[in-house]
Amino acid sequence: MCSQSVQTTTLGATNITVPALGIGTWQWGDNLFWSYGKDYGSDQVRSAFEAAVEAGITFFDTAEVYGLGESERLIGKFMRDSDRPIQVATKYFPLPWRFGAQAVADTLTASLERLQLESVPLYQVHAPLDFLMGQRTLMNALADEVEKGRIGAIGISNYSAEQMRKAHSYLAARGIPLAVNQVRYSLLTRQIETNGILDTARELGVTILAYSPLAQGLLTGKYTPESAPKPEGARRLDPRFSPKGLEKIAPLINALKQMGETHQRTPAQVALNWLIAQGNVIPIPGAKNADQARQNAGALGWSLSPEEVAQLDQLSRI
Ligand SMILES: NC(=O)c1ccc[n+]([C@@H]2O[C@H](COP(=O)([O-])OP(=O)(O)OC[C@H]3O[C@@H](n4cnc5c(N)ncnc54)[C@H](OP(=O)(O)O)[C@@H]3O)[C@@H](O)[C@H]2O)c1
């Protein structure tokens, strides 16, 4: 894919434009859930970064907690060695002992230091947790950072429709749009279509960043009931990766494979293209190596037909 022609979209009602697909980087440095340092390491994730950028995907999602800061540190290093403008979205984690605006400012400072940046285009609250700091104080502290120019836009993550509405209203009082709600969304995890999140996001002009868009690897079709490979890390305990779980999704995986053959694409690319077809959704698939990053970038630049979108819609209602 030519990097000049990559599809773009804006983050909510902001004027920040990003590629219509990002790359998730929880895998970069994390060995609690993923197996960083075991079956892949810094060389592989560096090549994932380079392959994504080469394909025009210059938008990366990270968080202060990924690899306890290592994901941000790695991105900082990779960006320093790259001559392309990169857009990073990172996240603030609401820990119980963070209770005032200064804690938000200090946490952002630490992320910016690891990233070796002066500002990020998107800063997201990782989870809707209230301890001593209420949402109003938190949103106001983030709005202060937008005014200081250290954040381009504000996002939230894992917020319900109601929580999103509240965050949106606190920011509206400051004249700042809520740009995104980052939530789990894939052909195998479609709750946001029925619990009000998708409709409310559309109503408020909030973009959905779809995390785990490949259902943590299930939608690539590489895990099958009868064959290797087995997933690495914590997914070994996930019943969806058991032979029974894999049998259940086999009809959907077969359809992804068939449609992929029609379009000369992989099942992962078809699954990501289906998400983009929903509108107002930016998938952020994780990539551990160059091949995965390149492949995921190939979800852009083509479209499933409306009939294929509808067929996948039906098959994934399981
Ligand atoms: N806000 C939140 O609470 C939250 C929560 C979760 C994730 N996230 C964000 O969303 C991103 C993506 O979610 P995720 O990592 O949970 O799940 P995902 O993107 O659905 O799956 C990623 C995994 O699938 C496999 N994979 C990816 N592309 C592939 C390809 N083209 N071919 C074959 N295998 C491929 C890789 O694992 P294997 O090769 O080991 O199978 C990879 O680690 C994360 O990196 C993170 O940035 C946010």
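1. The protein chain has 11 helices and 10 strands; helices (H or I, at least four residues) and strands (E, at least two) are DSSP runs, numbered from the N terminus. Its radius of gyration is 19 Å, close to the 20 Å from the globule rule for 318 residues, so the chain is as compact as a globular protein of that length. (That radius is taken over C-alpha atoms, and the rule is 2.2 Å times the number of residues to the power 0.38.) Along the principal axes, the C-alpha trace spans about 55 × 40 × 40 Å.

2. A word on what you're looking at: this is a predicted model, where local features need pLDDT of at least 70, side-chain atom pairs count only at pLDDT 80 or more, and totals for chains, interfaces and linings use all residues. Residue numbers start from 1 along each chain as its sequence is written.

3. Start with helix α5 (residues 161–172) and helix α6 (residues 197–204), which pack at an angle of about 20 degrees with their axes 9 Å apart. Axes here are lines fitted to C-alpha atoms, for helices over the stretch in contact, and angles run from 0 to 180 degrees between N-to-C directions. That makes α5 and α6 roughly parallel to each other (under 35 degrees is roughly parallel, over 145 roughly antiparallel, 65 to 115 roughly perpendicular, the rest oblique). On the α5 side, Ala161, Met164, Arg165 and His168 meet Ile197, Thr200, Ala201 and Leu204 of α6, where contact means C-beta atoms, placed from the backbone, within 7 Å. By class, this contact has 5 nonpolar, 2 polar and 1 charged residues. (Ala, Val, Leu, Ile, Met, Phe, Trp, Tyr, Cys and Pro count as nonpolar, Asp, Glu, Lys and Arg as charged, and the others, Gly among them, as polar.)

4. α5 also packs against helix α4 (residues 135–148), at about 50 degrees and with axes 9 Å apart. So α4 and α5 are oblique to each other. Gln135, Arg136, Met139, Asn140 and Ala143 of α4 make the contact with Lys166, Ala167, Tyr170 and Leu171 of α5.

5. Glu72, Arg73, Ile75 and Gly76 come from α2, and Ser111, Arg114 and Leu115 from α3. Here the classes run 2 nonpolar, 2 polar and 3 charged.

6. Finally, the ligand. Of the 29 residues around it, Gly24, Tyr211, Leu214, Gly217 and Gly286 come nearest; a residue is near a molecule if its C-beta atom, placed from the backbone, lies within 6 Å of it. The shell divides into 10 nonpolar, 15 polar and 4 charged residues. Helix α10 (residues 290–297) gives the most to this shell, with 3 residues.

Definitions and conventions: Two residues are in contact if their C-beta atoms, placed from the backbone, lie within 7 Å.
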